[in-house]
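Here's a walk through a two-chain model, written for someone with the sequence and the 3D view open side by side. We'll take the chains one at a time, then look at where they meet.

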Amino acid sequence: MALLSVRGLGVRYGNDVHALEGVDLDLDAGERLAIIGESGSGKSTLARAIAGLLPPAAKVEGSISWPELGRAAQNGRDIGFVFQDPASSLDPVMTVGDQVAEVAHVNLDMAWPAARRLAVELLDRVKLPEPQATAKAYPHQLSGGQKQRVAIAAAIVAGPRLLIADEATSALDTIVQAEIVSLIRGLADEDGMALLFVSHDIALAANLADTIAVFRHGRLVETGAAEPLIAAPASHYTRALLDAYLGLDA
Amino acid sequence: MSGALLEVGGLSKRFMRGGKRFTALDGVGFSIAAGETLALVGPSGSGKSTVARILLRLVEADAGSARFDGQDLLALRGSALRAVRAKLQMVFQDPQAAFNPRATVGRLLDDPLRIHGIVERAGRPKAIAALLERVGLAAELAGRAVHEISGGQRQRVAIARALATRPSLIVLDEPVSALDVLVRADILRLLVDLQRDDGIAYLFISHDLGAVRAIAHRIAIMDGGKIVEQGEARAVIESPVSATGRALVAATPELPRATENAS
C-alpha cells in the first residue's frame, strides 16, 4: 500500500495557466523520490500541494490521498517540509530551540518543558554543535548551513512519515550542500521516512533517490528508477538535462 | 601575451562583524593574463566576493596592490578611475537586482555607450542591435522592459552591457548560479565564444566546480580569506592538494556512470 497517492492532480493560480496538470504519482513508505525540473516546471507547486501549503487562491483538481494513513496527512505532524531559504522559514526573533519545540508543542500536544528537551535532542540529531547552547541562539547567529539544520530539526521533530525538501540545498555552497544531503539521507534511513527531494540538480538527485520524476511546464515528463532513467532516459528533455549537466568528468 | 593584465598581491581586508574583527582577506595574490580565465573558487565566506568588490573599487583594501593594464588600480580616482571602469567590467549573479526593472533593454545598453562616449547618439540604435546580436538576442528585445524578459535573457543583457565598453577584463561573480540548467550551459558557451573572438580575460567567481571546469584555464581555491591552492584547471580538479580543494571536488555531484549501475 502506498504512503502517498496522487491522481490527476492539477493546480491553477489564475484562470488560464496550469502550474500543474494531470499528475499521477505514488510514493511508498521509506521511498526516496526526487522531483526534477527547471523553474516553471511545477515541482515546487507539487511539493506544496502534497503538504497542503498552496495559497487559498489556487484551484486544485484531482486527488491526493494517503492510503497507509487512512486519513489526510497533516503538515508538521505527518509531513515535514524544508524550504530553500532557511532565513525566511525561521522566525528571526525566536530562539531556534523554541522554534523546534513549538512544532512539537503544537503537533504532539507536548508541554513546553518536554518540547524544549526534545528540541535539544533534535538539534543534536541534526549535528549542530553544543545543542544546549545552540537552542538559545537566534537564527542570525547561525550560518546558512546551520540554519538549514535547524529547519530540518523542526521538520522532523514530530516524527513525520514524509520529509519534503524543496530545493533545500540550492542556496548553500557545494560543500555545505553535500553535508546537508548526507544528513537528510541519514535521517530518512534511520526513521524510515519517505523523502520527496525537489531539485533542479539531476546529478544530486540521482545520487540520493530511488526514483526520479522529471517535470516540465507543469507536466510529468517521465518517471522511473533512478539508475536506469539516468542511463537511458525515455524523453528528449531528460536527455538534454543530462547533456547540459556540468560535472567534473571531461 | 606579454606580462599579466591583472596582477594582485598581498590583498588584505578586515571587517567589523558583530563587534568583532573579522579577517575577510589575508594576503591574497594572483595574476590574470590577457584572454585568460582565472576561477576563484571557494565556500561561502571564503573571501572570493570581497576580492571582486575590491577590484571594482566598491570597498577599499586595508593592504595590498592590484595592477591592471599597467596602472595602480587601487589608487585611481576621478576620471582615471572612470576610464579604467570601461576596461574592467562586471556581471553579477542576479542582474535583476542590479538593473532598474522598468528600464528597457535598449536603455540599459545605451547608458554605457553614452557615459563612456563609445558611440555618438545617431549610431547608438545600431550599436545596441549589434550588442544584442553578439549575445544571441534579437534586436527587437531593445524595446522590452527588463522585468518582462527571462532570467537567461537578462543575464545575456548584463553581458552585452559589460561588452559595450570593450573591456579587457570582466569580473563574473556567480554569473550562472541562479540560472536553469539548460540556460547555464548556454551562457557559459557564450562567454567562451566571446573570449575566443575578443580575447577578453575573465575573473570567474563561483562555488560550483562543475561550471568552473567548463570555462576556466586556471583555478585559485580560496578558504578563510586565503588562496590555499592555485594551478592549471584540469590539474586542480583531477588532483587537488589542499583540504578545501579536495572537499570541493568530493562534494561536487556527479552523474552515476553506466559502469557503476550494477552496484
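Chain A has 10 helices and nine strands; both kinds of element are DSSP runs, numbered from the N terminus, with helices (H or I) needing at least four residues and strands (E) at least two. Its radius of gyration is 18 Å, close to the 18 Å that the globule rule gives for 250 residues, so chain A is as compact as a globular protein of that length. That radius is taken over C-alpha atoms, and the rule is 2.2 Å times the number of residues to the power 0.38.

A word on ground rules before going further. This is a predicted model, in which local features need pLDDT of at least 70 and side-chain atom pairs count only at pLDDT 80 or more, while totals for chains, interfaces and linings use all residues. Residues are numbered from 1 along each chain as its sequence is written, and chains are lettered from A and ligands numbered from 1 in the order in which they are written.

Chain B carries 10 helices and 10 strands. For its 263 residues a compact globule would have a radius of gyration near 18 Å, and the 19 Å of chain B agrees with that. Here are the spans of the two C-alpha traces along their principal axes:

| Chain | Span of the C-alpha trace |
|---|---|
| Chain A | about 55 × 45 × 35 Å |
| Chain B | about 60 × 55 × 45 Å |

**The sheet in chain A**

Three strands of chain A make an open sheet in the order S2-S1-S4, and the pairing is antiparallel. Two strands count as paired if DSSP finds at least two bridges between them. Strand S2 (18-27) and strand S4 (59-65) of chain A sit at the edges with a single partner strand each, so one side of each has no neighbour in the sheet. On average, neighbouring strands here are turned by 5° against each other, direction ignored. Helix H1 (residues 43-51) of chain A packs on this sheet and touches S1, S2 and S4 of chain A; its direction makes about 60° with that of S2(A). Angles run from 0 to 180 degrees between N-to-C directions, and axes are lines fitted to C-alpha atoms, for helices over the stretch in contact.

Now for strand S1 (residues 4-12) of chain A, which is joined to S4(A) by six bridges, running antiparallel. Six bridges also join S1(A) to S2(A), again antiparallel, and a hairpin links S1(A) to S2(A) through five residues. Which residues pair with Val6(A)? In S4(A) its bridge partner is Ile64(A), and in S2(A) Val6(A) stands opposite Leu25(A).

**The sheet in chain B**

Chain B has an open sheet of four strands, ordered S2-S1-S4-S5, with antiparallel pairing. Its edges are strand S2 (20-32) and strand S5 (71-72) of chain B; each has a single partner strand, so one side of each is left without a neighbour in the sheet. Strand S1 (residues 6-17) of chain B pairs with S2(B) over 10 bridges in the antiparallel sense. One spot to look at is Leu6(B), whose bridge partner in S2(B) is Ile32(B).

**Helix H4 of chain B and its partners**

Helix H4 (residues 105-115) of chain B packs against helix H6 (residues 151-163) of chain B at an angle of about 20°, with their axes 8 Å apart. H4(B) and H6(B) are therefore roughly parallel to each other; the cut-offs are under 35 degrees for roughly parallel, over 145 for roughly antiparallel, 65 to 115 for roughly perpendicular, and oblique for the rest. The contact is made by Val105(B), Leu108(B), Leu109(B) and Pro112(B) of H4(B) with Val157(B), Ala160(B) and Arg161(B) of H6(B). Two residues are in contact if their C-beta atoms, placed from the backbone, lie within 7 Å.

The axes of H4(B) and helix H5 (residues 124-134) of chain B come within 10 Å and cross at roughly 110°. H4(B) and H5(B) are therefore roughly perpendicular to each other. On the H4(B) side the contact uses Gly106(B), Leu109(B), Asp110(B) and Leu113(B), and H5(B) brings Arg124(B), Ala127(B), Ile128(B) and Leu131(B).

**Where the chains meet**

How many residues of chain A are in contact with chain B? There are 27, and they touch 26 residues of chain B. The elements giving two or more residues to this side of chain A are helix H7 (174-191), helix H8 (202-208), helix H9 (226-231) and helix H10 (236-243) of chain A. H7(A) gives the most, with five residues.
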